[in-house]
Amino acid sequence: MERSPVFILGGTQTDFARNVGREGLTLIDLLREATAAALASAQMTSADIDTAHVGNFLGEVYSGQGHLGGLLIEATPELAGISVSRHEAACASGSMAILAATAELDARRAETALVVGVELMRAHGGFAAQQALGAAAWVPQETEGVEYPWPHLFSLLADEYARRYGLDHVHLGELGRKAFANATRNPLAQTRDWNVADGNFSDDDDLNPIVAGRLRRYDCSQVTDGASAIVLATASAAERWATSRGVSIDDVARIDGWGHRTARMTMAGKIADHRDDEYVLPHVRATILDAFERAGIADLAQIDAIETHDCFTISEYAAIDHFGLTKPGESWRAIEDGTVQLGGTMPINPGGGLTGGGHPVGATGVRMMWDAAQQVTDRAGDCQVDGARRVATLNIGGNATTVASFVVAAL
């Protein structure tokens with residue numbers, strides 16, 4: 001079906017290094033801060049917004065707070081009276097909020113939309129926070145008796161790569177090294193000031209202890225407080241917005257294509273169902289190709305950079321071949337030859353991704369979209385990929401149960 005692009009007029013990300021609870025702040029404060037900053041970025045006011053969508057995973061658990069659509073109105077009373085919905089799909093919650101907003105704009109039910117992704121996690125402490133995240137798996141089938149549910153489940157993915165193709169932790173360690181190095185360039189990254197030595201990315205059990213199975217401490221993303229927000233508009237509304245501000249619409253970031261697929265809950269089930277397929281997770285590959293097709297892209301050669309979901313280094317390792325950067329099982333080639341580095345031919349996560357940048361679960365999909373928008377409009381600062389005009393994203397929820405991909409571009 002023919003559709004017009006949705007434009008990204010502005011956005012924001014809070015500082016992911018903050019411990020919001022220690023500041024005496026709560027979920028509503030993050031919503032208020034992100035909303036105000038996104039509107040200011042777009043040079044708009046609350047009166048310019050027709051609808052809003054909130055992405056959040058575990059507000060009820062981490063903050064004792066559900067019904068976040070209403071909470072957004074409490075945070076910004078000037079939005080009262082518009083339609084607001086909350087969306088949950090584990091780590092892909094932010095992308096689901098974006099998809100819902102773009103669907104409203106495509107249907108002409110609204111001309112402008114605010115999307116806010118938010119998660120407040122650090123008050124629980126690292127161990128309790130990651131235990132709570134087990135709710136994104138199938139409980140108790142995948143979580144009972146498992147101390148670290150998500151490292152355990154993604155280690156199963158690493159096991160499958162090892163079984164099919166062989167897997168050397170050296171390559172996972174290099175992805176971790178890249179994430180932390182890129183984060184030092186990002187003024188909002190959680191780990192930007194961390195002192196991490198080369199040995200922390202090795203298979204040294206003291207410097208980089210095993211968390212679960214094949215995954216070690218520095219293979220894992222962080223427990224993070226944070227929010228990200230973007231302002232979206234239809235093509236006609238974006239044209240009026242650009243004209244009134246003396247801006248060329250060609251210089252405004254837009255969402256050209258999207259993909260969204262859902263698989264069964266269990267990682268073991270996904271792997272078992274597709275043991276003979278070309279790709280370990282074929283629905284992930286299909287989601288990416290859906291986004292490319294809707295964007296009118298023939299292949300990865302038309303993409304300049306990638307923002308992908310590296311909740312663990314193995315998830316980025318899998319993204320490399322599922323994007324088509326290498327043949328299936330040969331992701332190590334793009335790591336060894338520097339392709340995925342910031343100065344390489346296909347930089348991945350130039351701002352540090354989830355591992356280096358931080359992973360406030362409900363905010364991650366929105367943060368990816370905003371980072372992509374900044375890349376294609378040459379506003380990414382020290383994380384800028386030279387000449388980037390088209391960026392692909394991949395956001396996964398749970399153990400790649402919910403998958404979303406977007407293509408973000410500017411002329």
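This is a predicted model: local features need pLDDT of at least 70, side-chain atom pairs count only at pLDDT 80 or more; totals for chains, interfaces and linings use all residues.
**Exercise 1.** Which residues line the largest cavity? Determine also which helices and strands contribute to this lining, and how it divides by class.

Step 1. A search of the whole structure returns 2 cavities of 30 Å³ or more. The largest cavity holds about 90 Å³ of space.

Step 2. The lining of the largest cavity consists of Phe154, Leu157, Leu281, Val284, His309, Ser315, Ala318, Ala319, His322, Leu394, Ile396 and Ala400.

Step 3. At least two lining residues come from each of helix 6 (149-165), helix 11 (313-322) and strand 10 (390-397). Helix 11 makes the greatest contribution, with 4 residues.

Step 4. The lining of the largest cavity comprises 9 nonpolar and 3 polar residues, and no charged residues.

**Exercise 2.** Identify the residues around the second largest cavity, then describe the lining by helix and by class.

*Solution.* 

Step 1. Lining residues of the second largest cavity are Gln13, Phe16, Asn186, Leu188, Ala189, Gly351, Gly352, Gly353, Gly357, Gly358, Arg367 and Asp371.

Step 2. By class, the lining of the second largest cavity contains 3 nonpolar, 7 polar and 2 charged residues. The glycines in the lining, among them Gly351 and Gly352, are counted as polar. Asp and Arg count as charged, and the lining includes Arg367 and Asp371.

Terms used
Residues are numbered from 1 along each chain as its sequence is written. Side-chain values use heavy atoms; hydrogens and water are left out. On a 1 Å grid over the protein atoms alone, a cavity is a set of points where a 1.4 Å probe fits but cannot get out, and a pocket is an open set with protein on both sides within 12 Å along at least five of seven lines; lining residues have an atom within 4 Å of a point. Grid points are joined across faces, edges and corners, and a volume is the space filled by probe spheres set on the points.
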